[in-house]
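This briefing covers selected features of one protein chain, grouped by topic. Please consult the sequence and structure shown below alongside the text.

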Amino acid sequence: MIACSPEDIPAVSFNQDTYTVSRDGGELIIPVLSTGIDNVTIYYPNGDMWEVDTQTGDMIPAQGWIKLVKVINDYNTRALAQWTSGLKLEIAPNNTDHERSATITVRSFNTEATVTVKQGF
């Protein structure tokens with residue numbers, strides 16, 4: 001039987017609460033300290049999750065202006081490994097007339113953390 005040390009508990013955190021990107025978009029890498037990234041969810045508030053057909057009013061899921069390109073892993077060895085990882089994101093240019101934001105949630109085992117990405121117009 002192998003016992004985990006007190007430091008071997010699920011964890012996930014970000015260095016910052018918010019990242020701001022220019023209206024031109026581009027690549028953004030967000031550092032993540034975790035015990036492994038199990039899931040990444042991007043949520044777009046304020047109606048940015050839908051495109052609305054102006055003729056019918058039908059709502060179609062939007063493609064989103066942030067693309068998760070990959071999770072970058074670099075880990076050391078412990079009973080429960082701890083990764084200094086990164087989320088590589090591709091941010092589309094902001095051609096709207098308003099600032100937009102998205103919340104990114106990263107899950108590691110039974111714990112999660114969120115970070116906000118804001119983009120000016």
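**Structural briefing**

Val 52 is located in strand E5, which spans residues 50-52. The model is predicted.

**Nonpolar core**
- The largest nonpolar core has 21 residues, and those touching the most other members are Ile 30, Leu 87, Leu 89, Ile 104, Val 106 and Val 117.
- At least two residues of this core come from each of strands E1 (12-14), E2 (18-21), E3, E8 (83-91), E9 (100-108) and E10 (111-119).
- Beyond residues up to four places away in sequence, the contacts of Leu 87 include Phe 14, Ile 30, Val 40, Leu 68, Ile 104 and Val 106.

**Aromatic pair**
- One aromatic pair is present in the structure.
- The ring centres of Tyr 44 and Trp 65 lie 5.8 Å apart with planes at 55 degrees, so the pair is tilted.
- The pair connects distant parts of the chain, 21 residues apart: Tyr 44 lies in the loop between strands E4 (39-43) and E5, and Trp 65 in the loop between strands E6 (59-61) and E7 (66-72).
- Tyr 44 is buried, with 9% relative accessibility, and Trp 65 is buried, with 6%.

**Pro 31**
- Pro 31 belongs to strand E3 (residues 26-34) and is partly exposed, at 31% relative accessible area.
- Leaving aside residues up to four places away in sequence, Pro 31 touches Ser 13, Phe 14, Asn 15, Tyr 19, Ser 85 and Gly 86.

Key: Residues are numbered from 1 along each chain as its sequence is written. This is a predicted model: local features need pLDDT of at least 70, side-chain atom pairs count only at pLDDT 80 or more; totals for chains, interfaces and linings use all residues. Side-chain values use heavy atoms; hydrogens and water are left out. Helices (H or I, at least four residues) and strands (E, at least two) are DSSP runs, numbered from the N terminus. Buried means under 20% relative accessible area, exposed over 50%, partly exposed in between (1.4 Å probe, protein chains only). Contact means heavy atoms within 4.5 Å. A nonpolar core is a set of buried Ala, Val, Leu, Ile, Met, Phe, Trp, Tyr and Cys residues joined through side-chain atoms within 4.5 Å. Rings of Phe, Tyr and Trp (its six-membered ring) pair if their centres lie within 6.5 Å; planes under 30 degrees apart count as stacked, over 60 as edge-to-face and the rest as tilted.
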